[in-house]
Amino acid sequence: MSLAVSLHGVRPGLPDLLRRHWPLLPLAATVLFLLAPLPAGDATASGKVGPADAASLLLVLVCAVQALRGRVRALTPLGVLVLGMPAVGLAVATVTAGDPYAALPGFVRYLQVFVLVPAAVVLLVRDAGEFRLAGGCFVVLALVQGAVGVVQYATHTGASYQGEDIRAVGTFGPGDVMGMATVVSYGLVVATAAALAPGLPRRVRQAAGAAALVLVLPLVLSFSRGAWIATLAAAVLVMGLAGIRRALKVLLALAAAGVVLVGGLGVGSETVAERLTSITQVSSAPDQSVTDRYTMWAAAESMWRERPAAGVGLKGFPAHRDGHSSLGLSSGSDTAGAGQAYIRQPLLSPHNMYLLILSEQGLIGLTALAGGWAVLLVAGIRRAVTGAGTGIRDCGLIATGLLVWQLTDFLYADIGGPSTVLTGVIIGLAAWWALPSPARPAHDGPAAR
C-alpha cells in the first residue's frame, strides 16, 4: 500500500517521504517491533516493557511535540470526550482501590493502551495514505509471525498442545499462546478489507486477497477458538459493508482454502475438528480451560456485586479471586514447548475484558471504556454504510473490521502480553475513521496541516 503522491503528481523519493511522514515511524515501529522474539524460556512478558511498548511511548512523545507545534489533526468535542473519558474511570478505580500504590501500574498500563496510544494515532495520522501504511504494517507482521507458526507446526517445535509441540505461537512463545493468533487475525482482517475495497488498485486488491488466503493456515494452526470466532465476526461485517457480490467471492475463496488445507491436505484436521466441537461443549463435557474460564467469570461478577460502582481496584482481581471462586477452579494452566520448559502459569484474570473492567473498575469504568467503544463502533459503521469518506472506503472497512474483531475477542480474552499495545493502535485507527476531523477532507488526499 503506497503512500500518496505529491500534490504535483510526482511520486516523492525516500528522503521526501521520511521528511513528510517521519512522525509515523514510531507507529510503524510499535507494530513491527512485535517481530522481535521473546527471550528463550520467558513464559510471560506481563509487567515488562518490551520494544513495542517503548515505541508506543515514543509515539506519544512525538505526538506531544507535534501538538505543541500545531501539526496534528483537530478533534471534535465528541472525539475529546470518547478518547478522554476512560482516564476518568481509571483514576477513580485507582484512588478507590484498597491499595492505590499496587493499582498504580495498572493505571499506567490502561492509560497507555486505552488513552494515550489511541489519541496519538488519531492526532498523527493525517490522511488515508498514512492510515494504509499502518494497515500494511499489520499485514507484514501477520505474514512473518504466521510463517514462523506454520514452521513450528510442521517441525513440531511449537507450544505444547495435547502432548505434542504443534501449536503455532510464532515468536511469542507458549507463555502467550494468543499472541500469534491475535496478530495473524489482525492481518487477515486488514487484508480481507483491502481485497474487498472498490477504490484500491486491482493489483493491491489481488495482493491483499492472496495475503488473506495465506493467513488462514496459521490462524487455523493456532488452535485459538476465540480468535476464530472474532475473525469470523469481523469478516462477516466487512463483507456485508463491502457488498454481497464482493463478499461472496472472498467467502468462497476462504472456504475453498479451508477445505483444501484441512480436508484435502489433512492439516491438523482431527485437532481442528476437536477444537471446533469444544466450542459448543460448555455444559455437557467442557474441558478444564472452559471450566476455569466460567469459574473466573463468576468470580468477576461476584467482585462487581460487592463493589458495583468502582470495583475492587485496578490489578485487584488476583488478590480477590480465591475469595470469590468455587472449588472448580484449577491452580493454573500448563505451558511448555517452543524452547521453554514446563511452567504452570497462575490464572490472574477472568479472560473476559468486559468482566475484568467490571470487577476492577465497576460501572464507572465500564461505562467510560465500553461506552466509548460502542460510540466508535456505531459511528464507524454508520459512516461506512452512508458512503461517507469517498475514496477512502478501504480505511472504513479496515477500521470497523479491526474494532469488531477486538470487541468480539474481548468476550473471551483480556489485555496481557506484548501484543496488548496493538489494542491501542486499533482503537486509534477506529477513532480516526469514526470521528473525522473538521479539517480532514473527504477524499484521499493530504489533510490540512
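A crossing is left-handed if the near helix is turned anticlockwise from the far one by less than a right angle, and right-handed if clockwise. I keep that beside me while reading this predicted model, where local features need pLDDT of at least 70, side-chain atom pairs count only at pLDDT 80 or more, and totals for chains, interfaces and linings use all residues. Residues are numbered from 1 along each chain as its sequence is written, and side-chain values use heavy atoms, with hydrogens and water left out.

**Entry 1, H6 and H7.** I looked up helix H6 (residues 128-155) and found that it passes H7 in a left-handed crossing. Their axes come within 8 Å and cross at roughly 130 degrees (lines fitted to C-alpha atoms over the stretch in contact, angles running from 0 to 180 degrees between N-to-C directions). Helices here are DSSP runs of H or I, at least four residues, numbered from the N terminus. In the contact (heavy atoms within 4.5 Å), I noted Phe 138 and Gly 146 among the H6 residues, and Tyr 186 and Val 190 among those of H7.

Next I turned to helix H15 (residues 393-409) and helix H16 (residues 421-434), which pack at about 135 degrees with axes 9 Å apart. H15 also passes H16 in a left-handed crossing. Where they meet, I listed Leu 402 and Leu 403 among the H15 residues, and Ile 426 and Leu 429 among those of H16.

Terms used. Helix = DSSP H or I, 4+ residues; strand = E, 2+ residues; numbered from the N terminus.
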